[in-house]
Amino acid sequence: MPDVNSTSPAPVFGEGQYDAIIIGAGFAGLYQLHCLRNRLGLKARVLEAADGIGGTWYWNRYPGARCDSESHSYCYSFSDELIRDWEWSERYPEHPEIRRYLDFVADRFDLKRDIQLGTRVAGASFDAATSRWTVTTEAGETFSAQFLITAVGCLSSANVPKIPGLEDFRGDWYHTGEWPHEGVDFAGKRVGQIGTGSTGIQAAPVIASQAAHLTVFQRTPNYSVPAHNAPLTQAFKDQVKSGYADIRRTMHATTNGHPFTIDDRSVFDVSPEERTEIYEKAWAKGGLQFRANFRDITTSLEANATAAEFIKDKIRAIVKDPETAAKLADIDHPYAAKRPPIDSFYFETFNRENVELADIRADPIERITQTGIRLQSGKEYPLDILVFATGFDAMTGPFLRMDIRGRDGLTLGEAWEAGPRTYLGLNVKGFPNLFTITGPGSPSVLCNMPVPIEQHAEWIAGCIAHMRKNDIATIEATEEATEAWAAEVNRAAEATLLPQASSSWYLGANVPGKPRVFMPYAGGMAKYRGICDEVAAEGYKGFELGKVAAHA
Ligand code: NAP
């Protein structure tokens, strides 16, 4: 990793002129600003559409929204002081606590003065003559910067499916990813929830506990393992603080950036009895760690089936009505081939008198009516509130809703017509000096997000420091490196069971018309970090470095 503390003198600026514009004030944007401004001394500005910082946690305030990564790992790890001074209250942090944490970080590093809220970026275009980006906002402001850094998140473009009739619905409807800050009063209401991904699985138990009635419209049944959320004990908090160096080392050494390692044994190294015992213990412990029980759960169908069957048995044991249990357990993809949810009493929720499961794979939604949902069979569900837990136009959506134009006016939409193409998920050919934090082609969503975010922000800062030191004005991926990286992303995905979940958002399959390309890099965070370090150490191999005058 190059020295992020070395830099050449900053140029003189006019109004709206920056070294770097960063889009987004979530985990990524905040840390990128810290790296560039506080460490490199650059003039940087964060533009954020929301009226507050927090990124995904600003928008996702739906009932039950909490992080699936354990709190002691879902945080920045770059500062020992932060680790010392911040205290999480629960095993999995709830959304307000994460916002409080990010606010604390922003204050600690004096970030807010360079974050412009309520500013949605409409587009950006690269001028080859000056090697600078012009960024325009929806309000008509313009900014100029040598570097454009997107910190827009992977899951920030809400996907409201085009189900006929929504405009006729006389009740209220909400998407979980754009939840009203004042909350929603479900008391006495008949609620319909569409979607049973990680979000729906978190929301349903809470909505059910508040509403008169909840119907969960399930298209694809899903696995889930109990979260077993609980307040953290003082002993655990102390242990985390005193042993953080080891925790950080583990997070950096593992595939998914979590604070636990994947067991090296195969499912078939142990007897069926021992395996069941291991699964039982993991079920009792709860969390995403379940998939780390054996090394081949995520790579071998045969091995995976043992975990899948264990979870399906649990569903059938928890859910009392056999017909409902059968519908919930009729899962068509390998365990963890889609992002594995964890839950707090999701399957138990279907034992409540006021909860019903509608199987819309067997009987699809025909339309939304003025008063509810009608299925193709003609069955009607009268509803007062409709909740779309229908996910996101993931990974590419947040980019493509902006008009980003690179060399010769090439739009990102054109460059990605057949699916996203990047080098390391960090840069796109034709778009010099554009850095995409956790962009498509990087490990991102397959990881505990703060880990890839920190790695990206530090790598980008190191790259900019190198450019400044060596009078390099532009950096741009080569076609050859882009091709080779696309092949590596495909190879890494094919080595796992991930592409086998055909309706997964990893493949873009949840958005009609979106190209089917496996978007995240499945080779593991530790391997990816090594590749990025090697690229930097070898003089940014795979990038073309341009030596023209940079500063306007
Ligand atoms: P998701 O995983 O994409 O799930 C969307 C759900 O909506 C699926 O059940 C999907 O069914 C259904 N759906 C979509 N369009 C539909 C339609 N037209 N008709 C009927 N059903 C439809 O979205 P998500 O649950 O919001 O989760 C997205 C990602 O966000 C997660 O995978 C995770 O990475 C992240 N997340 C993290 C946390 C956390 O850490 N706590 C919490 C929530 C989400 P099909 O499967 O049939 O398409």
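The legends below describe close-up views of a predicted model.

Local features are reported only where pLDDT is at least 70 and side-chain atom pairs only at pLDDT 80 or more, whereas totals for chains, interfaces and linings use all residues. Residues are numbered from 1 along each chain as its sequence is written, and side-chain values rest on heavy atoms, with hydrogens and water left out.

View A. The structure holds two cavities of 30 Å³ or more, a cavity being a set of points, on a 1 Å grid over the protein atoms alone, where a 1.4 Å probe fits but cannot get out. The largest cavity has a volume of about 170 Å³, where volume is the space filled by probe spheres set on the points, which are joined across faces, edges and corners. Its lining, made up of residues with an atom within 4 Å of a point, numbers 16 residues, of which His72, Trp86, Trp88, Val240 and Lys241 are the closest to the centre of the largest cavity. Helix H3 (80–85) and helix H6 (234–242) each supply at least two lining residues, and the largest share, four residues, comes from H6; helices (H or I, at least four residues) and strands (E, at least two) are DSSP runs numbered from the N terminus. By class, this lining has eleven nonpolar, two polar and three charged residues, with Ala, Val, Leu, Ile, Met, Phe, Trp, Tyr, Cys and Pro taken as nonpolar, Asp, Glu, Lys and Arg as charged, and the others, Gly among them, as polar.

**View B. The second largest cavity.** This cavity has a volume of about 30 Å³ and is lined by Asp68, Ser69, Glu70, Tyr92, His258, Phe260, Gly287, Leu288 and Gln289. Three of these lining residues are nonpolar, four polar and two charged.

**View C. The second largest pocket.** About 500 Å³ of space lies in this pocket, a pocket being an open set of points with protein on both sides within 12 Å along at least five of seven lines. Among its 29 lining residues, Thr255, Asn256, Ile262, Thr298 and Thr496 are the closest to the centre. The lining comprises 17 nonpolar, eight polar and four charged residues.

**View D. Helix H16 and Cys532.** The 13 residues of H16 (residues 525–537) should span 18 Å at 1.5 Å a residue, and the end C-alpha atoms are 18 Å apart, which agrees; the expected span is 1.5 Å times one less than the number of residues. Met525, Tyr528, Arg529, Cys532, Val535 and Ala536 are the buried residues of H16, buried meaning under 20% relative accessible area, exposed over 50% and partly exposed in between (1.4 Å probe, protein chains only). Seen down the axis of H16, these buried residues fall within an arc of 125 degrees, so they line one face of the helix; the arc is that of the directions from the helix axis to the C-beta atoms. The structure holds zero disulfides, a disulfide being a pair of cysteine sulfur atoms within 2.5 Å. For Cys532, the nearest cysteine sulfur, that of Cys463, is 11 Å away, and Cys532 has 0% relative accessibility.

**View E. Two loop residues with positive phi.** Met395, which is not a glycine, has a positive phi of about 70 degrees and lies in the loop between strand E16 (385–388) and helix H12 (397–400). Asp471, also a residue other than glycine, has phi near 55 degrees and is found in the loop between helix H14 (450–469) and strand E19 (474–477). Met395 counts as buried because its relative accessibility is 1%, whereas Asp471 is exposed, with a relative accessible area of 60%.
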